[in-house]
Amino acid sequence: MNFPKPIFTTLTFVLVLAASTAMAHPGDLPDDLLAYVKRDGLMHLIKGQQYILQEMLIGKREVNQQEFVRAAKSLASLFSMVPSTFEKNLTIDVSRAKPEIWQNWDDFTARAAEFQKIAEEIAAMGEIRGAEATMEKVRLFDCNSCHDIYRE
Ligand code: HEC
């Protein structure tokens, strides 16, 4: 494939980064790279679980009560990890984290807590009233409400 050079360079960098972090032990990585790898990893896990709910919402996946509740519970616990995972004010070029995260730390963590609460409510309601009755609430995850402010 013919990518323009800047994209190619970025891709190469990301691939090398991925390969080196996949093999390295946490202790081998510089602190700034490690801080980014943890943040990025957590966010991708969040995306994976949110996709399960999203696919059920738009009819791309069969609605399954157990899977629905499990994904919501996973999201609650993943969002609870945002403060400890983003705590270190360290970054590298490839990271999209904005300095505002650490300047407005209380607001940033309050947003994560809000998402955790939504996930807990979806899990609880899903267990009591069923996945179908709870499905509309999946729309409450407006991830861009945080990304627009804290991600480049
Ligand atoms: C509390 C704020 C916050 C919330 C809520 C949040 N994110 Fe993020 N997310 C971030 C920040 C900040 C980054 C950039 C991290 C970095 O690059 O160091 C990020 C990065 C990501 C990434 C990594 C790839 C990329 O584009 O940088 C994915 C995937 C992602 N978020 C998905 C989601 C999804 C899906 C949701 C909603 C279910 C969500 N996020 C909710 C703050 C948030």
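1. K47 has its place in helix α2. The model is a predicted one, in which local features need pLDDT of at least 70 and side-chain atom pairs count only at pLDDT 80 or more, while totals for chains, interfaces and linings use all residues. Residue numbers start from 1 along each chain as its sequence is written.

2. Overall make-up. The protein chain has 8 helices and 0 strands, and its pattern along the sequence reads α-α-α-α-α-α-α-α. Of its 152 residues, 19% count as buried. A residue is buried if 20 or more other C-beta atoms lie within 10 Å of its own, exposed if 12 or fewer, and partly exposed in between, with C-beta atoms placed from the backbone. Two residues are in contact if their C-beta atoms, placed from the backbone, lie within 7 Å. Among contacts between residues at least 6 apart in sequence, 73% join residues at least 24 apart.

3. Helix α2 against helix α3. The axes of α2 and α3 come within 9 Å and cross at roughly 150°, so α2 is roughly antiparallel to α3. Axes are lines fitted to C-alpha atoms, for helices over the stretch in contact, and angles run from 0 to 180 degrees between N-to-C directions. Angles under 35 degrees count as roughly parallel, over 145 as roughly antiparallel, 65 to 115 as roughly perpendicular and the rest as oblique. The crossing of α2 and α3 is left-handed, a term used if the near helix is turned anticlockwise from the far one by less than a right angle, with clockwise giving right-handed.

4. Residues between α2 and α3. On the α2 side the contact has L42, L45, I46, Q49, Q50, I52, L53 and M56, and these meet E67, F68, A71, A72, S74, L75 and L78 in α3. By class, the residues of this contact divide into 11 nonpolar, 3 polar and 1 charged. Ala, Val, Leu, Ile, Met, Phe, Trp, Tyr, Cys and Pro count as nonpolar, Asp, Glu, Lys and Arg as charged, and the others, Gly among them, as polar. K47, also in α2, is exposed because it has 12 other C-beta atoms within 10 Å. The C-alpha atoms of K47 and L75 are separated by 9.0 Å, with the two residues 28 apart along the chain.

5. Helix α3 against helix α6. How do the axes of α3 and α6 cross? The axes of α3 (residues 65-80) and α6 (residues 105-129) come within 8 Å and cross at roughly 160°. That angle makes α3 roughly antiparallel to α6, and the crossing is left-handed. From α3 the contact takes F68, V69, A72, K73, L75, A76, F79 and S80, and from α6 it takes A112, F115, Q116, A119, E120, I122, A123, G126 and E127. These residues divide into 11 nonpolar, 3 polar and 3 charged.

6. Two further residues of α6. E114 is in helix α6 and counts as partly exposed, because it has 14 C-beta neighbours inside 10 Å. Its C-alpha atom is separated by 9.8 Å from that of S80, 34 residues away along the chain. I118 also lies in α6; with 19 C-beta neighbours inside 10 Å, I118 is partly exposed. Leaving aside neighbours within four places in sequence, I118 is in contact with L140 and F141. The C-alpha atoms of I118 and F141 are separated by 7.6 Å.

7. Around the ligand. Which of the 23 residues around the ligand come nearest? They are M43, S95, A97, C143 and C146. A residue is near a molecule or strand if its C-beta atom, placed from the backbone, lies within 6 Å of it. The elements giving two or more residues to this shell are α2 (31-57), α6 and α8 (144-150). The largest share, 8 residues, comes from α2. The shell divides into 13 nonpolar, 4 polar and 6 charged residues.

8. The loop at R96. R96 sits in the loop between α4 (82-86) and α5 (100-103). R96 is partly exposed, with 13 other C-beta atoms within 10 Å. Apart from neighbours within four places in sequence, R96 is in contact with R151 and E152. The C-alpha atoms of R96 and H147, 51 residues apart along the chain, are separated by 9.4 Å.

How values were computed
Helix = DSSP H or I, 4+ residues; strand = E, 2+ residues; numbered from the N terminus.
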